[in-house]
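Dear colleague,

I am passing the structure below on to you, together with a short account of what was found in it. Please keep it open beside you as you read.

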Amino acid sequence: MFTKSIYTFIISFLAIQSIAQNVNLTGKVTDNANAPLEYVTVSIQEPGTYAELFAGITDSTGVFSIEVTPGDYILYLESFGGSKYEQPISITQTMSVGNIKLGENSVVALEGANIVGTNQTYKMELDKKVYDLSQDALAKGASMSDALQNVPSVQVDGEGNVSLRGNENVRILIDGKPSSMVGISDPATALQNLPADAVQRIEIVTNPSARYEAEGTAGIINIILKKGKLQGMNGSVSVFGGIPETAGASATINYRTGKWNLFTTLGYRYQEREGENKSNTTRFDSNGTARYENMIGESNRINNGYNINLGTEYYLDDRNTFTVSGNYRDGKNENISSIAYNMFDSNFSPTGNSIRTENEEEDDYSGEINFNFKHEFNEPGHEFTVDARASYSKETEDAFLREIGDAVNSTERSFSYERQRRVLISADYIYPFGEKGRFELGARGEMEGTLTNFSVDSLGTEGWISKPDFSNNTDYLQNVYAAYAQYGNAFGKFSFFAGLRMENSDITVNSILNQSKTKKNYVDFFPSLFLNYQFESEDQLQLSYSRRIRRPRGWDLIPFTSYSNNRIIFMGNPDLDPQYTDSYELSYITKIGKLMLTPNVYYSNTTDNIQRYQSTLDDMSLVTRPVNVGTEQRYGGDLTFTYRPWKWWNIMGNVNVFGYKTDGEITDTRTNPDTGETITRITSFDGEGTSWFGRLSSTFTLPASFSAQIAGNYRGGQKTAQMDRKANYSVDLSLSKDLFNDRATITFNVRDVFDTRGFEVDSWGEDFVVSSENRWGVRTFNLNFTYRFNQSKRDQRRQDRQGGMEDEMGGEM
């Protein structure tokens, strides 16, 4: 009872503080012709730090009204078309700033206005969530993989796999396009090598429109790299180090003069990541007799790589801009692991033990060049853009494997080579008409080829002997040609946006080793519809629908792709077909005083569902391969909120509760090695369940230019037809201080304060049961120092806004 009373008191006190002593600030915004401007973002900011304390938006008459606490602030206005207004303001009582003019004649805004959150880190837009990574203290000195764990609705599991709202079928883009920077077949490792300091912000699109490529049924994560816009020479330099051994540096440099803008981002990162795993496995032979095995493993993964992004913009005139940029990434990684096995018979009597060691060296690099041309017509928002991108990537892995024990003495080696070429060309046209109408048209072609060569050799008395059952040489070709059209308009408070996208997929899997070829060619249509209504209170309600596809990735189709652990193997499936998902989402955006809420409910239905099926081979090894199994339904609710009870305390949280239901079964046959008879097994994938995850972050502005941040993550358990993953939680902590008149910042952070970021999984099949515990990393301590030259926090904020506005007004991803 006492605890409940304390809790009620705290909630009531915070609610009272959010409205106590507040006054109203009102005003009107018009263009040069005195026409009211709708959807202008109005921001009340703290001087010095430029943290956003209060925010609002103009209505259809150009009027805004914001509830604020008396004090000295900065008033900042920004229209959807990019015009800005800024001035200091002292607020002591309810007041009006009168009429403010922004230098433009009209504004085109069809897909909704931005509702800006109560800080600079996060804001919600009607078609995406935007997380400003440059303002996140916990991301300083971190890898991109670690930083993604801070983003609302995004989760990163213990092996680095990224999911969105609990669904791993997410499309990761760099600057709005597929990129070699996220690797060929191992995005988890590529994101580990990419420093978070090279990234400006992350955009989360949970229900993309027809403008976006249709790949990724869970949605899109778009990573925007830093690119300077300020006049003259300016930039920032960061160095960092930590425990376990981590070291690196990054620099963002920009030089702008006249018609030219030159920019570059450099980054180097070295990291040692300690891991551990253990499991208990029960296998049943064809007679149902059990065999038991327990395993304890340790690993040390070393990531050592650098990246460079270099580009230039040339402003031919006020209407035409050319941009040429390129990036190069080079990584040299090493994975050293040791696994101890203990085997037992059906009576739990020891039958043997062994130790398996692996020393794997991986080299990967990628290069990419991009070209963009943008022509802006006389009418704001009327534009034509052309993008072209070409990339080349290569990854090689050499592994030396040794196992010594009572009944085994083996030496093996494996070799993997992957090479990928990709060319992407797109064109987009946007035509605004009337007051709020817009028509979009675009075309896109993506040509991709991936060559994979994998082999395993065993050392015998006569030297190295190839193991042909584990060899593979495959050329995977995928060409996707797309076109889309979108139309939207608004009538009073109601607006809509409808689109249709066509994609032709031409896929060839050419097995050079087996001299076989698999061809797939299909044409699909992907409609989308967005309906939006803005209430008098400026709250907004949106209903959206889109259709998406998940094409099998290259490594999903290739017959054999991994062998590091000879007891647990992953194999591709050349017969795998794409899965299709219809997604529906209802979103609401509201702001109550200092509290911004963005609740969403969603539902999706997937056909030809791609699932991972586990079974045993004749030697009792466990093999995992992707298969098409029936349907899957997902439904849930997502709530993101920001709340600032006082100037010095900001809270941001995200909670997602979801359910899932799968239907389908798979029939598998194999031969009994003892009797020669055919054994047929039917595995049902029918199942349903619920899960949830949440994140709560608090940021504190402290005296003497100090600030602190603490964040907690919780991921609920989840159960499928062949797997049950247990819940886990973690806590992160950061402390930073500004130095040298805010031109430098030193940050200390601890990731996984209580050393709990691991996961436990139980999996099963007709002839096996596995219980495992895995940790991909341990608690880390990092110290980061950043120095900004020829720019202040104020300049950096302006630069971020300008870059964000240009991207929002851009075309197709």
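What does the accessible surface of the chain come to, and which share of it belongs to carbon and sulfur atoms? The accessible surface is about 33,000 Å², and 56% of it belongs to carbon and sulfur atoms, where accessible areas come from the Shrake-Rupley method with a 1.4 Å probe and, for residues, only the protein chains shown count as cover.

Please bear in mind that this is a predicted model, in which local features need pLDDT of at least 70 and side-chain atom pairs count only at pLDDT 80 or more, while totals for chains, interfaces and linings use all residues. Residues are numbered from 1 along each chain as its sequence is written, and side-chain values use heavy atoms, with hydrogens and water left out.

The chain holds five helices and 47 strands (DSSP runs numbered from the N terminus, helices being H or I with at least four residues and strands E with at least two). Of its 813 residues, 56% count as buried, that is, under 20% relative accessible area, whereas exposed means over 50% and partly exposed lies in between (1.4 Å probe, protein chains only). Among contacts with a separation of 6 or more, 66% come from residues 24 or more positions apart, a contact meaning heavy atoms within 4.5 Å.

The search of the whole structure also finds 35 salt bridges, each a side-chain nitrogen of Lys or Arg within 4 Å of a carboxyl oxygen of Asp or Glu. In one of them, Arg-165 pairs with Glu-585, with the closest N and O atoms 3.2 Å apart. Because Arg-165 lies in the loop between β12 (162–164) and β13 (170–174) and Glu-585 in strand β31 (residues 579–592), this pair ties together parts that are 420 residues apart in sequence. Arg-165 is buried at a relative accessible area of 8%, and Glu-585 is buried at 6%.

Another salt bridge joins Glu-773 to Lys-278, with the closest N and O atoms 4.0 Å apart. Glu-773 belongs to strand β46 (residues 768–775) and Lys-278 to strand β18 (residues 260–284), so the pair ties together parts 495 residues apart in sequence. Here Glu-773 is partly exposed, at 35% relative accessibility, and Lys-278 is partly exposed as well, at 43%.

Finally, Arg-171, Glu-213, Arg-422, Arg-444, Glu-446 and Glu-448 are linked in a network of salt bridges.
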